[in-house]
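Biologist: I have a model open on my screen and would like to learn how to read it. Could you walk me through some features, one at a time?

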Amino acid sequence: MNEDIRQRNANWISVFMRVAIIVFLGLSGVRKVMGGVAGTVAHFEQVYADTGTPMWLVTAQAWAVPYIEIIIGLWLLVGYKLRNAFIASALLSLNFCIAM
């Protein structure tokens, strides 16, 4: 009986985490794409202009991040291989932390 309750709670936690990450990443990526990726790239280049980060790396990341956010959001929405999807979203978050 306790095992059933524990499994049910784990399932709800997974659903909550999926919805939170889908809203955060998916909508963020869609907003960046709909607003124009070129504007996102220009913003990234302006923010990182005075850092030691190579500009080609900043530009490449700025072009890739919106699409990666959408892909991970859709991946979580579909629910295929969720463990791998959560790992991918954690790696993207780690990327954001390192970039700051």
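Modeller: Gladly! Let us begin with Val65: its relative accessible area is 2%, so Val65 is buried. Buried means under 20% relative accessible area, exposed means over 50%, and partly exposed is in between, using a 1.4 Å probe and protein chains only. This is a predicted model, in which local features need pLDDT of at least 70, side-chain atom pairs count only at pLDDT 80 or more, and totals for chains, interfaces and linings use all residues. Residues are numbered from 1 along each chain as its sequence is written, and side-chain values use heavy atoms, with hydrogens and water left out.

Biologist: Where does Val65 lie, and which residues does Val65 touch?

Modeller: Val65 is part of helix H3. Helices here are DSSP runs of H or I with at least four residues, strands are E runs of at least two, and both are numbered from the N terminus. Contact means heavy atoms within 4.5 Å. Leaving aside residues up to four places away in sequence, Val65 touches Lys32, Asn95 and Phe96.

Biologist: Glu69 is also in H3. Is Glu69 buried or exposed?

Modeller: Glu69 has a relative accessible area of 2%, so Glu69 is buried. Here is the general idea for helices: an α-helix has 3.6 residues a turn, so residues three or four places apart point the same way. Again not counting residues up to four places away in sequence, Glu69 touches Leu25, Gly26, Ser28, Gly29, Lys32, Leu92 and Phe96.

Biologist: How do I read the way H1 and H3 cross?

Modeller: Think of each axis as a line fitted to C-alpha atoms, for helices over the stretch in contact, with angles from 0 to 180 degrees between N-to-C directions. The axes of H1 (residues 2-34) and H3 (residues 55-78) come within 7 Å and cross at roughly 145°. By class, their contact has 13 nonpolar, four polar and three charged residues. In this scheme Ala, Val, Leu, Ile, Met, Phe, Trp, Tyr, Cys and Pro count as nonpolar, Asp, Glu, Lys and Arg as charged, and the others, Gly among them, as polar.

Biologist: Which residues of H1 are buried?

Modeller: They are Arg18, Ile21, Leu25, Gly26, Ser28, Gly29 and Lys32.

Biologist: Why does the length of H1 agree with its number of residues?

Modeller: The expected span of a helix is 1.5 Å times one less than its number of residues. The 33 residues of H1 should therefore span 48 Å, and its end C-alpha atoms are 47 Å apart, which agrees.

Biologist: What should I look for in phi angles?

Modeller: Most residues other than glycine have a negative phi. Lys81 has a positive phi of about 50° although it is not a glycine. Lys81 sits in the loop between H3 and helix H4 (82-99), and its 48% relative accessibility makes it partly exposed. Just after H1, Gly36 takes a positive phi of about 100°.

Biologist: How many aromatic pairs does the structure hold?

Modeller: A pair of aromatic rings is described by the distance of the centres and the angle of the planes. Rings of Phe, Tyr and Trp (its six-membered ring) pair if their centres lie within 6.5 Å; planes under 30 degrees apart count as stacked, over 60 as edge-to-face and the rest as tilted. The structure holds one such pair. The ring centres of Phe44 and Tyr48 are 6.3 Å apart with planes at 50°, so the pair is tilted. Both Phe44 and Tyr48 are buried.
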